[in-house]
Amino acid sequence: MSEIEREAMEYDVVIVGAGPAGLSAAIRLKQLDADLNVVVLEKGSEVGAHILSGAVLDPCGLDKLMPDWKEKGAPLNVPVREDNFYMLGEAGEVRIPNFPMPPLMNNHGNYIVSMGNVCRWMAEQAEELGVEIFPGMACSELVYGDKGEIKGVVAGVFGLEADGSYGPGTEPGMELHGKYVFLSEGVRGSLSKEVIERYGLSDGKEPQKFGVGMKEIWEIDPAKHKEGTVTHTMGWPLGSNAGGGSFVYHLDNNQVYVGFVVHLNYKNPHLFPYMEFQRFKHHPMIADLLKGGKRVAYGARAISEGGYQSMPQMVAPGVALLGCSVGMVNVPRIKGNHNAMLSGIAAAEAAERAIKAGRASDELHDYEDEVRKGEIGKDLKKVRNVKPLWSKFGLTASLTLGGFDMWFQTLTGGFSLFGSLKHGKTDAAATEPASVHKPIDYPKPDGVLSFDRLTNVSFSFTNHEESQPPHLQLADTSVPIGNNLPMYDEPAQRYCPAGVYEVVEKEGKKEFVVNFQNCVHCKTCDIKDPAQNITWACPQGGEGPNYPNM
Ligand SMILES: Cc1cc2nc3c(=O)[nH]c(=O)nc-3n(C[C@H](O)[C@H](O)[C@H](O)COP(=O)(O)OP(=O)(O)OC[C@H]3O[C@@H](n4cnc5c(N)ncnc54)[C@H](O)[C@@H]3O)c2cc1C
């Protein structure tokens, strides 16, 4: 598509993605210098439409960005009042008392929020400062300069024909050039992936690790609702099949976020993360809470879990990778929004200094130094061994050893007896042949507490124009049936939380069907396909989920 003539617009900083990282960067740039030209491009139909993390927010990032956020009406209305942690068995639960938990696990001072609404509010603050924000504008390509530097992005391509060619209704989009381009696409960003590969930014680092997070919003019986309560569980139903656990956050208005994360390094390709989530809701403790309520929204998104040792280099000529584009989630805390915000601030400060000094399109090393050595690095470094311990020794040992390690580091100012443990394999490579694992029998959803995938997907309000090229691209179309089916029972049928992938039989032959219209942009397929044959490319803007207040 490089021969297409496009209009170009020049900016000081072009920001891809209106999540907490991108919006924090935009706000800080304008706070530092009101004359800077800053644009934010967002693929969702509106800011917040693709933000899934119904979240416990540590406000430290917001405090640094806008200390007067309360006066400015930020939607942080539900302080955490109660923090519970349970180990589940099939028929019961054991509460783990709070006192042995390392202090960093304490949610005192944090808020239960809709991050979609926080981002909507942040976008208003940014626009008041003069940031240009364009929702419904997917950035589908990077624009490279003569010296191989990144000089901008292509955004706003609409109406391609199904084979990817230009037709009468095609709008070619435009190029947005910047002295610096910030990629704040969140986990497994498509442009970020290209940058990481092209510049070898992950060389010498541990592989990035991921989970798939699924979430429903429920309106429950007011008598059972306890605003400000945070509950985390581990154990049943995953047992030793996979790492992961649940979260249940009581927001206001009798709403509850019910979520479930499955670590994607599971070995058994028969595992069905979505059905594990549905089964979880039948645990007596959860079933009792939800009985009489109704599910009003559903969504899914990958979550980064590699932590400190997996963060790639974050800068290359002309570009900086922010937030979960490099993976900044503190895994035991299940929190990344605060670090996303802090990274936006750090990138903005580095870019503003560089532009003031007359620089452009070079590497913002100050930004990377600040991330690794500043607040973000400190937050992530002390939990760096929790995930590898869990992967190696399972849940119980990791709770003991990981808990010990976090306490030890807290008491010694960051020293660990384990050093820095490695993750080893990618999640795709962790998948083992179906023949060495037993199939798992999942109960049928009852339509009251648990739902089939397609019914739930309709509650993500996702849509994609059918006549465009599929944005889920197979490098080799023969792999799913020729390789993945005999070897792994084609796990795409199960790992996708939106039912995009099916194996069907037509005239006695197996066929692989990609229902890309259902995609909720979680990126699990791009991560977990054992053959690494699926690429998630950015579809045209305004498509994908339309999360209300996730
Ligand atoms: C189930 C789940 C629960 C979580 N719970 C918590 C929690 O309780 N607390 C917490 O702090 N963190 C939580 N997290 C982690 C948190 O969501 C991330 O750390 C955070 O979203 C990272 O912010 P970000 O700005 O880097 O990316 P994102 O929030 O993912 O934002 C990226 C934005 O960029 C847009 N975008 C992506 N690619 C393009 C493109 N090519 N063109 C245009 N736009 C693009 C996306 O649509 C999106 O709006 C959770 C994550 C999950 C999945």
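Helix H3 (residues 115-128) lies across strands S3 and S7, running at about 75 degrees to S7. The model is predicted: local features need pLDDT of at least 70, side-chain atom pairs count only at pLDDT 80 or more, and totals for chains, interfaces and linings use all residues. Residues are numbered from 1 along each chain as its sequence is written, and side-chain values use heavy atoms, with hydrogens and water left out. Helices (H or I, at least four residues) and strands (E, at least two) are DSSP runs, numbered from the N terminus. Axes are lines fitted to C-alpha atoms, for helices over the stretch in contact; angles run from 0 to 180 degrees between N-to-C directions.

**Helix H3**

The 14 residues of H3 should span 20 Å at 1.5 Å a residue, and its end C-alpha atoms are 20 Å apart, which agrees. The expected span is 1.5 Å times one less than the number of residues. H3 is mostly covered, with 10 of its 14 residues buried. Buried means under 20% relative accessible area, exposed over 50%, partly exposed in between (1.4 Å probe, protein chains only). Among the buried residues are Arg120, Trp121 and Gln125. Their cover includes H1, S3, helix H2 (60-65), S7, strand S8 (132-135) and H7. Contact here means heavy atoms within 4.5 Å. Just after H3, glycine 130 takes a positive phi of about 105 degrees.

S3, S7 and S4 form an open sheet of three strands, in the order S3-S7-S4, with antiparallel pairing. Strands S3 (54-57) and S4 (78-79) stand at the edges with a single partner strand each, so one side of each is left without a neighbour in the sheet. Two strands pair if DSSP finds at least two bridges between them.

| Strand pair | Sense | Bridges | Partner residues |
|---|---|---|---|
| S4 and S7 (residues 111-114) | antiparallel | two bridges | proline 79 and tyrosine 111 |

**Helices H1 and H7**

H1 (residues 20-32) packs on H7 (residues 337-356) at an angle of about 35 degrees, with the axes 7 Å apart. H1 passes H7 in a right-handed crossing. A crossing is right-handed if the near helix is turned clockwise from the far one by less than a right angle, and left-handed if anticlockwise. Residues that meet include Ala21, Arg28 and Leu32 in H1, and Met341, Ile345 and Glu352 in H7. By class, this contact has 10 nonpolar, four polar and three charged residues. Ala, Val, Leu, Ile, Met, Phe, Trp, Tyr, Cys and Pro count as nonpolar, Asp, Glu, Lys and Arg as charged, and the others, Gly among them, as polar.
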